[in-house]
Amino acid sequence: MSKLVEMLRLHEGVRYKVYLCSEGYETIGVGRNISEGGLGLSKDEVDFLLVNDIERVQNELDRNYPWFARLDEVRRDAIIDIAFNLGLTRLRGFVNALAAMSRSQYEIAADEFMDSRWSQQVGNRAVEVTEMIRTGEYQ
């Protein structure tokens with residue numbers, strides 16, 4: 001199998017970001033057509049990517065916010081959800097909410113997250129995760 005893998009990598013090329021193949025299809029990896037009507041991704045592949053992305057976000061939060069590790073599981077998951085959606089750069093813009101989180105002032109943090117353009121954009125998602133911050137309970 002390793003000879004075949006090497007040959008396909010050589011012939012198809014390896015791309016880590018989406019590109020258009022010679023036929024104009026969105027492609028990634030080693031010739032994987034992910035265009036509408038293409039092969040796309042399997043559930044297992046999507047889940048694999050998701051688990052890796054969750055780990056990446058959690059590690060970013062651990063490195064940047066010392067208080068993150070002290071949160072209970074529900075509030076950690078809520079912050080991961082927000083960071084997953086926004087990215088760390090945009091999350092940093094929530095200075096007051098993050099400061100409140102660091103002081104375990106969850107009511108204030110939830111209110112600060114809700115008082116944002118982000119909460120208007122994501123609607124029920126914001127309501128759910130801010131209630132998780134507020135109460136420490138899954139919604």
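Ser-35 touches Tyr-25 and Glu-26, leaving aside residues up to four places away in sequence; contact here means heavy atoms within 4.5 Å. The place of Ser-35 is the loop between strand 3 (32-33) and helix 2 (43-64), where helices (H or I, at least four residues) and strands (E, at least two) are DSSP runs numbered from the N terminus. With a relative accessible area of 10%, Ser-35 is buried. Buried stands for under 20% relative accessible area, exposed for over 50%, and partly exposed for what lies in between (1.4 Å probe, protein chains only).

A word on the model itself. It is predicted, so to speak of a local feature takes a pLDDT of at least 70 and side-chain atom pairs count only at pLDDT 80 or more, while totals for chains, interfaces and linings use all residues. Residues are numbered from 1 along each chain as its sequence is written, and side-chain values use heavy atoms, with hydrogens and water left out.

Next comes helix 2. Lys-43 is found in this helix, and at 61% relative accessibility Lys-43 counts as exposed. Between Lys-43 and Cys-21, which are 22 residues apart along the chain, the C-alpha atoms are separated by 24 Å.

Two packed helices are described by the angle between their axes and the distance between the axes. Here, axes are lines fitted to C-alpha atoms, for helices over the stretch in contact, and angles run from 0 to 180 degrees between N-to-C directions. Helix 2 packs with helix 3 at an angle of about 105 degrees, their axes being 10 Å apart. The two are therefore roughly perpendicular to each other; that label covers 65 to 115 degrees, with angles under 35 counted as roughly parallel, over 145 as roughly antiparallel and the rest as oblique. Helix 2 brings Leu-50, Asp-53, Ile-54, Val-57, Gln-58 and Leu-61 to the contact, and helix 3 brings Ile-79, Ile-80, Ala-83 and Phe-84. By class, that makes eight nonpolar, one polar and one charged residues. The classes are simple: Ala, Val, Leu, Ile, Met, Phe, Trp, Tyr, Cys and Pro count as nonpolar, Asp, Glu, Lys and Arg as charged, and the others, Gly among them, as polar.

Further along the chain sits another pair. The axes of helix 5 (residues 95-102) and helix 6 (residues 106-114) come within 8 Å and cross at roughly 160 degrees. Helix 5 and helix 6 are therefore roughly antiparallel to each other, and their crossing is left-handed. Left-handed says that the near helix is turned anticlockwise from the far one by less than a right angle, and right-handed that it is turned clockwise. From helix 5, Asn-96, Ala-97, Leu-98, Ala-100 and Met-101 make the contact, together with Tyr-106, Ile-108, Ala-109, Glu-112 and Phe-113 of helix 6. Eight nonpolar, one polar and one charged residues take part.

What about the buried side of each helix? In helix 5, Ala-97, Leu-98, Ala-100 and Met-101 are buried. Seen down the axis of helix 5, these buried residues fall within an arc of 160 degrees, so they line one face of the helix; the arc is that of the directions from the helix axis to the C-beta atoms. Their cover includes helix 3 (73-86), helix 4 (88-91), helix 6 and helix 8 (124-135). In helix 6, the buried residues are Tyr-106, Ala-109, Ala-110 and Phe-113. Down the axis of helix 6 they fall within an arc of 95 degrees, so they too line one face of their helix. Helix 3, helix 4, helix 5, helix 7 (117-122) and helix 8 are included in what covers them.

Ser-104 is found in the loop between helix 5 and helix 6. Although it is not a glycine, Ser-104 has a positive phi of about 60 degrees. At a relative accessible area of 46%, Ser-104 is partly exposed.

Helix 6 also packs with helix 8, at an angle of about 165 degrees and with the axes 8 Å apart. Helix 6 and helix 8 are therefore roughly antiparallel to each other, and their crossing is right-handed. Tyr-106, Glu-107, Ala-109, Ala-110, Asp-111, Phe-113 and Met-114 in helix 6 meet Ala-126, Val-127, Thr-130, Ile-133 and Arg-134 in helix 8. The class count is eight nonpolar, one polar and three charged residues.

Met-132 is found in helix 8 and, at 5% relative accessibility, counts as buried. Leaving aside residues up to four places away in sequence, Met-132 touches Val-74, Arg-75, Asp-77, Ala-78, Glu-137, Tyr-138 and Gln-139. Met-132 and Asp-77 are 55 residues apart in sequence and 8.6 Å apart in space, C-alpha to C-alpha.
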